[in-house]
Amino acid sequence: MGWEDNVRKVIPYVPGEQPKDKVIKLNTNENPYPPSPGVRDIIDNFNISDMRLYPPPDADILTGAVAERYNLEKEQIFVGVGSDDVISMAFLTFFNSDKPIFFPDITYSFYDVWADVYRIPYETKPLNPDFTINPDDYRGENGGIIFPNPNAPTGVLESVDMIEDIVKSNPGSVVMIDEAYIDFGGKSCLELIDKYENLLVIQTFSKSRSMAGMRIGFAMGSKKLIKYMNDVKFSINSYTMNILTQICGAQAIRDEEYFRNTVDKIISTRERSKIRLRELGFEFTDSMSNFIFAKPTEKPAAFVFEELKKRKIFVRYWNKPIIKDYLRITVGTDEEMDILFSELGAIING
Ligand code: PMP
């Protein structure tokens with residue numbers, strides 16, 4: 001027997017490309033605008049000698065600011081190094097049963113990777129043909145439930161009532177709602193956490209707060225859920241979030257007006273983009289996120305993807321069943337989108 005027989009083997013998640021060249025980057029749902037000016041000031045005035053010390057292990061500078069913004073108590077907030085870290089920690093903490101966890105067949109492609117790495121059994125549930133979730137699929141015995149709202153990469157938003165219906169039917173497991181894109185016009189199900197001890201709501205600073213590079217995500221839920229997550233986190237690595245990130249995050253969340261303006265700009269560019277895409281013959285669901293999941297009808301999606309890349313415009317494409325005819329296009333600035341539409345016109349009519 002060789003040592004490799006006992007290695008924990010897993011097929012890793014493949015993130016979108018981060019090209020070194022200057023390109024129009026519409027492939028990983030980043031925000032085209034910079035973080036708030038308040039964050040700039042924090043970095044300019046940061047006292048380097050503060051790096052000598054370990055950061056607060058409970059990241060209370062940041063959990064306090066998030067709690068204040070969402071009218072919760074600090075003990076109801078868990079922060080992590082991006083929501084990927086938060087969700088991974090939540091899988092490890094709560095998905096600990098022999099029964100399969102449920103998530104949609106078309107969804108964030110990290111869920112099955114975490115399930116595999118932690119040896120969690122899972123069952124995927126097909127989306128309806130219009131890409132909505134069928135709540136009846138989420139009623140059988142399960143070891144937990146997770147889906148994004150709006151879903152990714154479809155952009156389809158589900159109602160708070162529908163989520164409540166699922167949470168109510170599953171008192172025996174933890175239900176996680178991944179709200180990475182909720183700020184772009186959706187209604188959060190946060191209001192349900194006081195009513196349901198088993199509901200965990202996860203959000204991120206990577207999209208609506210323009211801080212993907214800083215890596216901040218957070219979960220909100222009952223004090224009990226958060227305590228269980230902290231127990232696991234403190235059994236692995238206490239100091240995951242560095243001091244500068246904690247104070248920048250706290251500032252970003254206080255800069256509410258900047259946040260609202262940025263989000264409003266992206267929503268208005270998205271709605272304008274829907275009109276242009278329709279004119280170019282694309283079909284798409286009514287996205288409520290900062291991306292549009294669109295199917296070109298004149299040329300194959302894979303061809304359009306490659307042609308855009310030649311023109312230094314990056315979007316996301318998956319050669320996978322059901323979604324292989326679609327492109328996921330992140331909403332950039334108006335200027336970036338205008339270049340995209342002009343190139344798309346050339347590709348489609350060329
Ligand atoms: N959830 C969903 C649905 C996402 O699309 C992403 C972004 N890739 C994440 C979570 C993770 O984002 P982050 O780790 O940057 O917070």
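D44 forms a salt bridge with R40, the closest N and O atoms lying 3.0 Å apart; a salt bridge is here a side-chain nitrogen of Lys or Arg within 4 Å of a carboxyl oxygen of Asp or Glu. The structure is a predicted model, in which local features need pLDDT of at least 70 and side-chain atom pairs count only at pLDDT 80 or more, while totals for chains, interfaces and linings use all residues. Residues are numbered from 1 along each chain as its sequence is written, and side-chain values use heavy atoms, with hydrogens and water left out. Both D44 and R40 belong to helix α1 (residues 37–44), where they are four residues apart, about one turn of the helix. Helices (H or I, at least four residues) and strands (E, at least two) are DSSP runs, numbered from the N terminus.

A second salt bridge pairs D84 with R215, with 4.0 Å between the closest N and O atoms. This pair links distant parts of the chain, 131 residues apart: D84 is in helix α3 (residues 82–94), and R215 is in the loop between β7 (199–204) and β8 (217–220). R215 also has a positive phi, near 70°, in a residue other than glycine. A search of the whole structure gives 28 salt bridges.

The chain is divided into domain 1 (16–34 + 257–349) and domain 2 (37–254), with bounds from an automatic or database domain assignment. The contact takes 29 residues from domain 1 and 25 residues from domain 2, contact meaning heavy atoms within 4.5 Å. Taken over C-alpha atoms, the centres of domain 1 and domain 2 are separated by 26 Å. The size of an interface is often given as the accessible area lost when the parts come together. Between domain 1 and domain 2 the buried area is about 2000 Å², and carbon and sulfur atoms give 66% of this area; buried area is the accessible area (1.4 Å probe) that two parts lose on being put together, summed over both. Of the area that domain 1 buries against domain 2, F259, T285 and M288 supply 29%, more than any other three residues. Zero salt bridges are found by the rule across the interface of domain 1 and domain 2.

On a 1 Å grid over the protein atoms alone, a cavity is a set of points where a 1.4 Å probe fits but cannot get out, and a pocket is an open set with protein on both sides within 12 Å along at least five of seven lines; lining residues have an atom within 4 Å of a point. Grid points are joined across faces, edges and corners, and a volume is the space filled by probe spheres set on the points.

The whole structure holds one cavity of 30 Å³ or more. The largest cavity contains about 70 Å³ of space. Its lining consists of P35, S36, V39, S208, R209, S210, A252, D255, Y258, F259 and T262. Helix α8 (residues 256–279) gives the most to this lining, with three residues. By class, the lining of the largest cavity has five nonpolar, four polar and two charged residues, where Ala, Val, Leu, Ile, Met, Phe, Trp, Tyr, Cys and Pro count as nonpolar, Asp, Glu, Lys and Arg as charged, and the others, Gly among them, as polar. The largest cavity lies between domain 1 and domain 2, because both give residues to its lining.

The largest pocket has a volume of about 800 Å³. Of the 38 residues that line the largest pocket, Y13, D84, Y108, Y181 and R316 lie nearest its centre. Helix α3 supplies the largest share of this lining, four residues. The lining of the largest pocket comprises 17 nonpolar, eleven polar and ten charged residues, and at least three residues come from each of domain 1 and domain 2.

The second largest pocket has a volume of about 240 Å³. This pocket is lined by 13 residues, the closest to its centre being R69, I182, D183, G186 and R260. The largest share of its lining, five residues, comes from α8. Six nonpolar, three polar and four charged residues make up the lining of the second largest pocket, which draws at least three residues from each of domain 1 and domain 2.

Most residues other than glycine have a negative phi, and most peptide bonds are trans. A cis peptide bond joins N149 and P150, with omega about -5°, and another joins A152 and P153, with omega about 5°. P150 is placed in the loop between β5 (144–148) and α5 (160–168), and P153 is in the loop between β5 and α5.
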